[in-house]
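The following exercises are intended for a reader who is meeting this structure for the first time. Each consists of a task and a solution in steps.

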Amino acid sequence: MSGAWFYLFLAGLFEICWALGLKRTQGWTNFLPSLVTLIFLAASMYFLARACQYIPISTAYAVWVGIGTFGVVAVGVLLFKEPMPLSKLLFLSMLIVSIVGLKVTS
């Protein structure tokens with residue numbers, strides 16, 4: 001994985017963290033979770049910006065959102081016991097195929 005794609009992968013991981021952290025902030029009224037969430041958000045933006053130096057923004061943004069979406073859904077299913085109907089699995093599979101397709105064609 002080249003450096004730019006590694007930055008994009010890190011940006012996606014940090015996106016998962018800040019998206020999950022939003023629930024803990026209680027509308028930004030809970031100080032410590034809000035601070036941690038903002039740190040993850042800043043890290044995600046930093047690595048996304050670094051990746052965009054080498055990867056077209058259209059590709060980088062789509063992959064970043066895809067990683068975040070997949071990760072948040074996976075954590076929801078695995079840790080929070082959210083349901084995973086077949087339709088959700090189908091659409092997540094299509095999302096993964098799309099992310100791989102964007103990487104391969106870039």
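**Exercise 1.** Determine how helix 1 passes helix 2, and how the two are oriented.

*Solution.* In this predicted model, the crossing of helix 1 with helix 2 is left-handed. The next step is to describe the pair by angle and distance: the axes of helix 1 and helix 2 lie 7 Å apart, and the helices pack at an angle of about 160°. Angles over 145 degrees count as roughly antiparallel. Helix 1 is therefore roughly antiparallel to helix 2.

**Exercise 2.** Locate Gln26 and Lys81, and classify each as buried or exposed.

*Solution.* Gln26 belongs to the loop between helix 1 and helix 2. Although Gln26 is not a glycine, its phi is positive, at about 50°. Exposed residues are those over 50% relative accessible area; Gln26, with 55%, is therefore exposed.

Lys81 is placed in the loop between helix 3 and helix 4. This residue, other than glycine, has a positive phi near 55°. Its relative accessible area is 67%, so Lys81 is exposed.

**Exercise 3.** Describe the position and accessibility of Pro85.

*Solution.* Pro85 is situated in the loop between helix 3 and helix 4 (86-105). Pro85 counts as partly exposed because its relative accessibility is 39%. Finally, Pro85 may be related to Ala4: 81 residues separate the two in sequence, and their C-alpha atoms are 34 Å apart in space.

**Exercise 4.** State the average confidence of the chain, and where confidence is lowest and highest.

*Solution.* The average pLDDT of the chain is 94, and 99% of the residues score at least 70. Confidence is lowest in helix 4, with a mean of 91, and highest in helix 2, at 98.

How values were computed
Residues numbered from 1 in each chain as written. Predicted model: local features only at pLDDT ≥ 70, side-chain atom pairs only at ≥ 80, totals over all residues. Heavy atoms only, no water. Helix = DSSP H or I, 4+ residues; strand = E, 2+ residues; numbered from the N terminus. Buried < 20%, exposed > 50% of the residue type's maximum accessible area, 1.4 Å probe, protein only. pLDDT = per-residue confidence, 0-100. Axes fitted to C-alpha atoms, helices over the stretch in contact; angles between N-to-C directions. Parallel < 35°, antiparallel > 145°, perpendicular 65-115°, else oblique. Left-handed = near helix turned anticlockwise from the far one by under 90°.
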